[in-house]
Structures are given as C-alpha cells and as structure tokens.
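Q: I would like to learn how to read the features of a model. Could we go through them one at a time?

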Amino acid sequence: MKIRVAIDRELAPLGLTHATYALLSSLHGLRQAGQTPSQRQLADHTGLEALYVSKLARSLERDGLIERPRDAADSRAVRLALTDEGQAVADRAIEVVRRLIARLFEPLGGPDSERTRVLTAELTTLLDVPLTT
C-alpha cells in the first residue's frame, strides 16, 4: 500500500493513478513488443479485472491517451493503443516511477543489487502461491 500511495502521489501531476499507470505502462511495453492487445488481454497481462480495465480504458480514451478501436477480426473485442500524447505521458510516468523505485530500493543497494534480487525472488515465490481452493 505504501508503494501504491507513493506512486499515486508522484503521478498526480501527470493526471495518473497507480491503476492508470499500470495500463499505460503495460500498453507501452506491449507496443514495443509489436502488440495491440484487446481489453481482455490487457486485463490478463496486468492482473486487473476486465470490467475495471474497461472502465479505466474509457477514462484514458476521454483524456486522449489511448484509442479503443474495434477488432477487425472480432467485432465483440476492443483493441487498446496509445495515442501520441499517451505515449508521451507514458514515457514521463515510467521515468517518474523508475526514480521512485530507485529511491525505494536504495537501502538495499539499489534496484539492481543482490539484496534486491533476493527480495524480489522471495516475494515472487509468495505471490505465486494460489489463494483459491
């Protein structure tokens, strides 16, 4: 929660929240990989509920940061793509979060330190434990 609150605070000047950042930065990464994901694919990628992704996407579209064209092959599906403005905002936001993460991991020797790698591996192990029976 501390990280999420810090990200919200740092991104507020850009008009973003942690959740909208998750969508924009994911679209940025997928765009670099040559992908234009559907809302469902982006929901799966981010771990957010599909309905929440749809709500966030509509908001980001109203703000001119993404486009939501219908999928040519499946009229039920909506694709998501960054606009030029969305790409510029994503670039700035990614840098803001990168600096925040560097500050957060500074006591462990920085984001690339051995201590941070060990912590990340341990947290990943815990996150991979299924919570449903």
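Q: In which helix is the place of L119?

A: A note on the source comes before the case. This is a predicted model, with residues numbered from 1 along each chain as its sequence is written. Local features need pLDDT of at least 70, side-chain atom pairs count only at pLDDT 80 or more, totals for chains, interfaces and linings use all residues, and side-chain values use heavy atoms, with hydrogens and water left out. Helices (H or I, at least four residues) and strands (E, at least two) are DSSP runs, numbered from the N terminus. L119 sits in helix α6, residues 114-127.

Q: Why does L119 count as partly exposed?

A: Buried means under 20% relative accessible area, exposed over 50%, and partly exposed in between (1.4 Å probe, protein chains only). L119 counts as partly exposed because its relative accessibility is 33%.

Q: Which residues make a nonpolar surface patch with L119?

A: Patches are made of residues with over 30% relative accessible area and no salt bridge; like charges are joined within 9 Å, nonpolar side chains (Val, Leu, Ile, Met, Phe, Trp, Tyr) within 5 Å. Accessible areas come from the Shrake-Rupley method with a 1.4 Å probe, and for residues only the protein chains shown count as cover. Here L119, L123 and L126 make a nonpolar patch of about 270 Å².

Q: How many residues of α2 are buried?

A: Eleven of the 15 residues of α2 are buried. Among them are Y21, L24, H28 and L30. Their cover includes α1 (2-11), α3 (39-46), α4 (50-62), β1 (66-67), β2 (81-82) and α5. The helix itself, residues 18-32, reaches 21 Å from its first C-alpha to its last, close to the expected 21 Å; the expected span is 1.5 Å times one less than the number of residues. G34, with a positive phi near 80°, follows α2.

Q: Which residues of the largest nonpolar core touch the most other members?

A: In soluble globular proteins, nonpolar side chains tend to be buried together. A nonpolar core is a set of buried Ala, Val, Leu, Ile, Met, Phe, Trp, Tyr and Cys residues joined through side-chain atoms within 4.5 Å. In the largest core, of 28 residues, L11, L16, L24, L42, L60, I66 and L80 touch the most other members. At least two residues of this core come from each of α1, α2, α3, α4 and α5. The largest share, seven residues, is that of α5.

Q: What does Q87 contact, leaving aside its neighbours within four places in sequence?

A: Contact means heavy atoms within 4.5 Å. With those neighbours left aside, Q87 is in contact with H28, R31 and L82. Q87 lies in helix α5 and counts as buried because its relative accessibility is 15%.

Q: How many salt bridges does a search of the whole structure find?

A: Side chains of opposite charge can pair when their charged atoms come close. A salt bridge is a side-chain nitrogen of Lys or Arg within 4 Å of a carboxyl oxygen of Asp or Glu. The search finds seven. One of them joins R103 and E10, with the closest N and O atoms 3.4 Å apart. That pair links distant parts of the chain, R103 in helix α5 and E10 in helix α1, 93 residues apart.

Q: What separates R98 and E95 along helix α5?

A: About one helical turn separates R98 and E95, because they are three residues apart in helix α5. Their side chains meet in a salt bridge (3.7 Å, N to O). E95, R98 and R99 are linked in a network of salt bridges.
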